[in-house]
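User: Hello! I am new to this structure and would like to walk through it by asking questions. Could you show it to me?

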Amino acid sequence: MNAAMTAVIEARGLKKSYGATSAVDSVSFAIQPGRIVGLIGPNGAGKTTLFKAILGLTQFDGDLRVLGRDPRSERNELMQDVCFIADVAVLPRWLRVSQALDFVEGVHPRFDRSRATDFLQKTDIKLASRVRELSKGMVTQLHLALILAIDARLLVLDEPTLGLDLLFRRQFYDTLLNDYFDKQRTIVLTTHQVEEIENLLTDVIFINRGHVVLDSSVDALSDRYVQLTVSSEHAVRARELKPFYEREVFGRVAMFFEGQTAAELGKLANGLGEMRTPSVADLFVAKMQRGVS
Amino acid sequence: MSTPETNLSGADVAPVTAGPVNAVAHRSAVQTMIVLIRREFWEHRALWMAPLVIAVLLVVCAFPVHMGPIAHVNAEEGFWSSDSNRRALFALMQWGLTVPQYIVMAIVLNFYLLDCLYVERKDRSILFWKSMPVSDAATVASKLLTALVVVPLGVYLLTVVTNLLFSAIWVARTSWGAGGVPMWDTVVWLKVEALMLYGVIVSMFWYAPLAAYLILVSAWARRSVFLWATLPPVFAILVERLAFGTRYVTGLIEYRTVGIWHAVDLEHSIEHTMTQGHNHIVSLTGVFDKLDVSLPFLNIDLWLGLAVAAGFVFAAARIRRYRDDT
């Protein structure tokens, strides 16, 4: 009950289908405050549908509470406390930077204009420029400057760095962490560039074909997943320990085990190879390759 | 990539307080609406540029316009020596000068209304607008207010200024001996301007369903908004004509576009024209004097139209709220 009261997002039996195809099928999860949650899945997994449901941009069946509100019926109130970037490049091309500031300042009670201008001063963006005159990276910086100057409790980002070069992507996530994130805020982001964000996530939710495949804090992953890397001559023996997924890397075999800690597995697999907690990216591949559990 | 220094993933996550709620500046509905309407003028610059360009052109025309017609007018001593006829001509010119401005405004507004909820879906900027705490109803209302109230009143003021400048130039030219009849009559001027303002206000009410229809098409059509706005009526007219041989749709469209001016009973007023011999000229001041201001507002169709407009606007807001194909 306590969790239900404090969860920033709580979904129970969330469903959405487009015609005969089910985009999200009976999904349940809860996201606690002060977390940075990665909503990770391959294309067409249902990420965007989930994202739209959370933001009240689409209709759905089932129960979903965002900051205690139903995004279907209380969207207007919800948007006071929730910010999102749906995609890079949705800022209209005719908009001037100064107009963007005027607009958000005019309609958003929690917008701090000086924060946004401070951020913009660190970039090459000029106030008189129109969005169409800016590079793709600069448009993202502008969007970020606008959104991060809003004192919101929940920030939802859908593929925020798509199409940006590495430099901008780094800068984006650094800004997000250093200038924005604190324990009263929650960030949910979807991406399929898992490697780049795995260090900043506190929680991961894997989603595939409309189902939640994994829902865990990053810290707890080590209690449930082990990666055992063995040379090919030990592969047969290691296979007897029943990994749920394996793949070959440079003549060695990486095996993924579920439901046991490294210590537990170590007793069985003594000396067979190296054990470690799999990276989020590797775990993602392992989980996706195996399909729906 | 840097990680936060604090132990984010640890168990010591702070309990949720009321959220990062600082003293929040209040945004009233009126303030928000003003910002939304300003936004429309940023995006659709034709809304103010086109009327302004026409106004400038008209004022410029006051300089080189050949005084021939006036000289000719002058020659017909008998007709134009009459003060009342000269005043009627002055009033008509005053009216005539506004015609291009209102025609341009009508064209610009039609395209604006068709575009206003369509372009944001096409360029996907709707995802940015919807990330702001602005309701769909407020957004749609801001567009309707822009088209039905703000732009018409703005253009009205512009026609007043245009008229004053034009008249000033003309009076100056004639009095410096360019020939023709120096024309200025404050009473006539005020009456004609009042008449025009009245026309603008009646239009706001009468054309509300038309504007709301265009907004609805703009919110609904996936592409080719212009065709979606024009083809269904044309189709309905043709089908009706072929199937039943009747013309009710044509009649309805005519009524909803120009019908209100019959309700104002202009014909009745226009009978009071200045005539002398073969020449005759409509007296706008006569129209003003005879005007029954309440007539269009006593017409139940005006209010029915408003109810239909409200329905269209509601539908447009619902569509914007729930459609998710961007």
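User: What is the mean pLDDT of chain B?

Analyst: This is a predicted model, where local features need pLDDT of at least 70, side-chain atom pairs count only at pLDDT 80 or more, and totals for chains, interfaces and linings use all residues; side-chain values use heavy atoms, with hydrogens and water left out. Residues are numbered from 1 along each chain as its sequence is written, while chains are lettered from A and ligands numbered from 1 in the order in which they are written. The pLDDT is the predictor's confidence in each residue, from 0 to 100. In chain B, 78% of the residues reach 70 or more, and the mean is 81.

User: Over which residues of chain B is the pLDDT below 50?

Analyst: Where pLDDT is low, the predicted coordinates should not be read in detail. The stretch in question has 44 contacts (heavy atoms within 4.5 Å) in the model beyond near neighbours in sequence. In chain B, it covers residues 1–23.

User: Turning to chain A, how many of its residues count as buried?

Analyst: Buried means under 20% relative accessible area, exposed over 50%, and partly exposed in between (1.4 Å probe, protein chains only). Chain A has 12 helices and 13 strands. Of its 293 residues, the buried share is 58%.

User: How many residues of helix 6 of chain A are buried?

Analyst: The end C-alpha atoms of helix 6 (residues 136–148) of chain A are 18 Å apart, which agrees with the 18 Å that its 13 residues should span at 1.5 Å a residue, where the expected span is 1.5 Å times one less than the number of residues. Its buried residues pack against several elements, including strand 5 (82–85) of chain A and helix 7 (126–129) of chain B. Helix 6 of chain A is largely enclosed by the rest of the structure, because its buried residues number 12 of the 13.

User: Which residue in strand 8 of chain A is the bridge partner of Ile40(A)?

Analyst: Ile40(A) belongs to strand 3 (residues 36–40) of chain A, where 5 of the 5 residues are buried, so the strand is largely enclosed. Two strands pair if DSSP finds at least two bridges between them; strand 3 and strand 8 of chain A do this in the parallel sense over 4 bridges. The partner of Ile40(A) is Phe206(A).

User: Which residues touch the most other members of the largest nonpolar core?

Analyst: A nonpolar core is a set of buried Ala, Val, Leu, Ile, Met, Phe, Trp, Tyr and Cys residues joined through side-chain atoms within 4.5 Å. Phe206(A) is in contact with Leu283(A) and Phe284(A), among others, and both of these are buried residues of helix 12 of chain A. In the core of 161 residues, those touching the most other members are Ile9(A), Leu176(A) and Phe206(A).

User: Is Arg209(A) buried or exposed?

Analyst: Arg209(A) lies in the loop between strand 8 (203–208) and strand 9 (211–217) of chain A. Its C-alpha is 9.5 Å from that of Lys47(A), although the two are 162 residues apart in sequence. At 55% relative accessibility, Arg209(A) counts as exposed.

Note on methods:
Helices (H or I, at least four residues) and strands (E, at least two) are DSSP runs, numbered from the N terminus. Lists of a residue's contacts leave out its neighbours within four places in sequence.
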